[in-house]
Amino acid sequence: MRKTWAALLAAALTVAPVAVVTVTAATPAAALDNGLALTPPMGWNDWNAFGCNVSEKLVEETADKIVSSGLKADGYEYVNIDDCWMEPNRDAAGNLVPDPAKFPDGIKGVADYVHKLGLKLGIYESAGTNTCQGYPGSLGHEQQDADAFASWGVDYLKYDNCYNDGIPAQTRYTAMRDALAQTGRPIVFSLCDWGEEDVASWGSSVGNLWRTTGDISASYASMLSNFHTNVALAAGARPGAWNDPDMLEVGNGMTPTEDRSEFSLWAEMAAPLISGTDLTTASPATLAIYGNKDVIAVDQDSLGKQGVEISSAGGLDVLAKPLSDGSVSVALFNENDTPATITTTAAAAGLPGAKAYTLRDLWAHTTTESRGAISAFVPAHGTVMYQVAAVSPAGTYPPSTTLANAAPQQAVAGQPSTVTTTFTNNGSAVSGVRLGLGAPSGWKVRPLTGTVFGRVPTGHEAIAAFRVTPPATLPSPIAGYTLNATAAVGWSGGTEKVASPATVTIPSPVQAPWQTFTDNTATFGQQGGKLAVQGAGADLWGAPTSTAPSTSRAPSTTAPPPWSR
Ligand code: GLA
């Protein structure tokens, strides 16, 4: 009996290999081994900034800008077309057809253009009957579509999850993985199943990267939410296989501080760096964020480790990412709406014991030296990123210091308040420290304590308090000012100057008969007939249009709020 079964199985293997493949499909898929994306992919995608308004012209102009802006030299390589690139129906032979109005030279024409620039082309499809915008999907057409992509010269496929007929994601994505492999063309495979069906547990056997979250939008809250989900999945990332918290919103409307945080956190998490902004019109400040070589180097480090959250108490997050040269990238992220000092140690970040450590600030591009503490005063929603390495001998760089500025978030016009500044020396002992507080014109500042300190040993603090009085008359219903804590620090190499700005807001109170209400964080102000409201990144009221000031930090002029109507 046994012999008979064995003989039957052997016969099936010989004459019907397809049947055998079907039978074995229930076993786990073989690992993806396409040799691609050994560091996280870098590039651009049109979706976040343009939605369905994608075109050959846009893609080619963006490719040109990636070259002319220097981003190509920085490592940005993939120029990716998202949804809406095709005709609403397949042709009579079942082929996908690029929309001739949007892509007069077809996808092949764009690929040729992009390749001539030394860049690579990405395309979008869905592992369903339709794409998310209703165009034909690849479910059941995997090989035909993969062959088309390969024949056009596509180098990267973002594969979405809409209209999936309830078929398990792993089955649908594996079918396309195998179809891509069958083409023989190296094509990076990006799984866009929004973190569903526990993709992080099987994504590395199917794709080079897998989305871990729903769609990002250009708000701090959205970015923060994607960060939280993605940071917990660190163990699954490695060369060729990356967690993808979605495209970068840098340049799309968050504050510059938040933009830098997103870029820092994505790099610290070894996430794909795919810009979702309009690079053709991006400001120099936005391009400078995308072009921060020090931060990019952390993302692209060949060790391929995703940074791990080593503490997160009170919304003060510390991430540590080991790098191939033995140093560690440490990100200090302040999730909160008020500035805060965030501190960890070299030991907690996984560095070996040493007398001293260099801290290279990857945004300020300065280097200081610490005896072990890794610390910074971090603005609200901000991130400080250090590359930390053990050094010997100590004393080459200025001491690492932390200067906390406890300016109140709000003050009252003409009314004094007290601002305490706390200097902490994390480096070798310093010989002299002078603390100060800079204020805009019209303000009065008077020290309440001594401000000059002799020797401040390692790990010790020097504290000074100042009485500050804002002007009695303000220029606007909600006036914003910066109070700048400063320290001049004497060390063996000279005098080191550090500064910690903090923002103080002074609203002029709203007068009767006006009343204010918010179930959100908001500040209201009034000067005569001028009313103002300032929010902290979430909706203040449910205005119906996308131009609603849901992310505004300044009074809106587009629509009066209901309470003023
Ligand atoms: C989904 C994806 C997005 C984008 C759109 C296009 O929502 O998650 O990134 O590709 O589809 O329709």
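Guide: A residue is called buried under 20% relative accessible area, exposed over 50%, and partly exposed in between (1.4 Å probe, protein chains only). This is a predicted model, in which local features need pLDDT of at least 70, side-chain atom pairs count only at pLDDT 80 or more, and totals for chains, interfaces and linings use all residues. Residues are numbered from 1 along each chain as its sequence is written, and side-chain values use heavy atoms, with hydrogens and water left out.

Visitor: How many disulfides does the structure hold?

Guide: A disulfide is a pair of cysteine sulfur atoms within 2.5 Å. Cys 52 and Cys 84 form such a pair, with sulfur atoms 1.8 Å apart. Cys 132 and Cys 162 form another, with sulfur atoms 2.0 Å apart. The number of disulfides in the structure is therefore 2.

Visitor: Is Cys 132 buried, partly exposed or exposed?

Guide: The partner of Cys 132 in its disulfide is Cys 162, which is buried because its relative accessible area is 16%. Cys 132 has a relative accessibility of 24%, so Cys 132 counts as partly exposed.

Visitor: Is Cys 84 buried or exposed?

Guide: Cys 84 is bonded to Cys 52, and Cys 52 counts as partly exposed at 28% relative accessibility. The relative accessibility of Cys 84 is 0%, so Cys 84 counts as buried.

Visitor: Which cysteine sulfur is closest to that of Cys 192?

Guide: Cys 192 is buried, with a relative accessible area of 1%. Its closest cysteine sulfur is 6.8 Å away, which is too far for a bond, and that sulfur belongs to Cys 132.
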